[in-house]
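Hi everyone, thanks for coming. Let's look at one structure together, and I'll take it slowly.

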Amino acid sequence: MRIISGKYKGRRISPPRNLPVRPTTDMSKEALFNVLNNHFNFSELKILDLFSGTGNISYEFASRGATPIVCVDGDFGCIKFIKQTATEFDFDITAIRSDVFSFLEKHKASYDIIFADPPYGMEQKNFEKLILKVFENELLDEEGMLIVEHSKHTKLNHLDHFSFDRNYGGSVFSFYELGTEET
């Protein structure tokens with residue numbers, strides 16, 4: 001796993017092998033950030049990274065100048081690794097160990113970008129619940145974007161606020177924005 005661009009471009013990050021994760025591939029991550037480059041200036045964006053795993057996506061945002069970044073994951077080992085890496089690189093990342101759905105119920109801040117990479121095996125209804133909770137609890141800034149990474153077998157383009165999606169191999173990024181609603 002490597003950082004693709006920004007201050008720490010080319011730096012490799014080696015998470016412990018025992019973490020229960022499926023990191024976004026470098027190819028998919030590069031494609032995602034190419035899309036985001038057309039929508040955002042990363043400097044000082046507020047980022048929420050849900051199901052953050054190794055923190056791979058958060059490090060990419062941090063290297064490009066986004067700050068502050070909040071990572072949420074239920075696994076102690078993942079949170080510990082994110083905290084260690086954030087300290088090593090001096091990234092403004094807060095790592096929170098929590099069930100993502102509990103976090104979404106209680107959290108009150110809003111963000112420019114919310115990235116969610118749930119386990120691909122999560123039930124369809126929980127993917128839908130995740131998206132619903134972000135908008136229901138007003139966690140996205142007016143010009144913000146929610147991005148959900150999922151397998152090509154999960155269909156999320158029927159939900160309110162869906163804007164577009166991008167397919168990369170077996171992975172799909174679905175993008176949601178406040179100004180986009182089904183009629």
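What covers the buried residues of α3? Before I answer, a word on what you see: this is a predicted model, where local features need pLDDT of at least 70, side-chain atom pairs count only at pLDDT 80 or more, and totals for chains, interfaces and linings use all residues. Residues are numbered from 1 along each chain as its sequence is written, and side-chain values use heavy atoms, with hydrogens and water left out.

Now the answer: the cover includes α2 (56-63), β2 (69-73) and β3 (93-97). Helices (H or I, at least four residues) and strands (E, at least two) are DSSP runs, numbered from the N terminus.

Which residues of α3 are buried? They are C78, I79, F81, I82, T85, A86 and F89. They sit on the same side of α3 because their arc around the axis is only 160°, taken from the directions from the helix axis to the C-beta atoms. The face turned away from that side carries the exposed F76, T87 and E88. Here buried means under 20% relative accessible area, exposed over 50%, and partly exposed in between (1.4 Å probe, protein chains only).

Let's look at the two ends of α3. At its start, a side-chain oxygen of D75 comes within 3.0 Å of the backbone nitrogen of G77. Just after α3, D90 takes a positive phi of about 60°.

One last stop, at a peptide bond. Most peptide bonds are trans. T67 and P68, however, are joined by a cis one, with omega about -5°, and P68 belongs to the loop between α2 and β2.

Notes. Contact means heavy atoms within 4.5 Å. A polar contact is a pair of N or O atoms within 3.5 Å; within protein, one must be able to donate a hydrogen and the other to accept it, and residues adjacent in sequence count only if both atoms are side-chain atoms.
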